[in-house]
Amino acid sequence: MELVPNDFLLKSMNVAHRTIRAASGGHVGWTIGGMPVVELTTIGRKSGNPHTVMLTSPIKAGDAVVVVASRGGDDRHPAWFLNLTANPDVEVKLEGGDRVHMHAREATPAERTALWPQIVADHRNYAGYQAKTDREIPLVLLTATDA
């Protein structure tokens with residue numbers, strides 16, 4: 001059985017990533033594994049506090065930035081996904097840009113069916129994550145709002 005990252009490891013990786021990016025003045029850390037990095041801020045569904053995570057975005061779908069709620073193949077959804085399902089109004093920062101208000105939504109079954117093969121064709125790690133869990137790993141589409 002393959003292991004999935006625990007909460008401590010995931011949080012540590014996120015802190016390390018943000019620290020490296022900050023120490024470089026924002027010049028390093030915007031790409032991982034050939035994918036752009038997204039800084040996503042959600043509002044905690046329990047706390048009401050903002051929570052920021054660094055995520056990779058394997059593809060775009062039209063104007064939407066796509067992120068994958070894989071949690072490394074864990075059987076549980078990532079906290080950021082649960083947060084945005086409770087409150088889909090999020091902030092996103094991409095390389096070279098300011099924070100942008102966005103709306104997050106889970107891809108429909110038809111969208112996921114179309115997008116998933118594109119994602120795993122170039123980024124096999126996601127296929128490996130899906131193989132580790134019985135849950136269908138959600139895809140999230142982030143689109144800019146006027147707010």
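Mentor: A polar contact is a pair of N or O atoms within 3.5 Å; within protein, one must be able to donate a hydrogen and the other to accept it, and residues adjacent in sequence count only if both atoms are side-chain atoms. Here the side chain of Ser57 reaches the backbone oxygen of Val66 at 2.7 Å. A polar atom of the Ser57 side chain also lies 3.3 Å from the backbone oxygen of Ile59. Please note that this is a predicted model, in which local features need pLDDT of at least 70 and side-chain atom pairs count only at pLDDT 80 or more, while totals for chains, interfaces and linings use all residues. Residues are numbered from 1 along each chain as its sequence is written, and side-chain values use heavy atoms, with hydrogens and water left out.

Trainee: Where does Ser57 lie, and is Ser57 buried or exposed?

Mentor: Buried means under 20% relative accessible area, exposed over 50%, and partly exposed in between (1.4 Å probe, protein chains only). Ser57 has a relative accessible area of 4% and is therefore buried. Ser57 sits in the loop between β3 (50-56) and β4 (59-61); strands are DSSP runs of E with at least two residues, helices are runs of H or I with at least four, and both are numbered from the N terminus.

Trainee: With which residues is Ser57 in contact, leaving aside its neighbours within four places in sequence?

Mentor: Contact means heavy atoms within 4.5 Å. On that basis Ser57 is in contact with Met35, Pro36, Val38, Val65, Val66 and Val67.

Trainee: How many salt bridges does the structure hold?

Mentor: A salt bridge is a side-chain nitrogen of Lys or Arg within 4 Å of a carboxyl oxygen of Asp or Glu. The structure holds five. One of them joins Arg99 to Glu39, with the closest N and O atoms 2.8 Å apart. Arg99 is in the loop between β6 (89-93) and β7 (100-106) and Glu39 in strand β2 (residues 35-43), so this pair ties together parts that are 60 residues apart in sequence. Glu39 is buried at 2% relative accessible area, whereas Arg99 is partly exposed at 43%.

Trainee: Which residues are linked in a network of salt bridges?

Mentor: Arg71, Asp74 and Arg76 form such a network. Asp74 pairs with Arg71 at 2.2 Å between the closest N and O atoms, and with Arg76 at 2.9 Å, N to O. Asp74 is buried at 8% and Arg71 is buried at 10%, while Arg76 is partly exposed at 45%.
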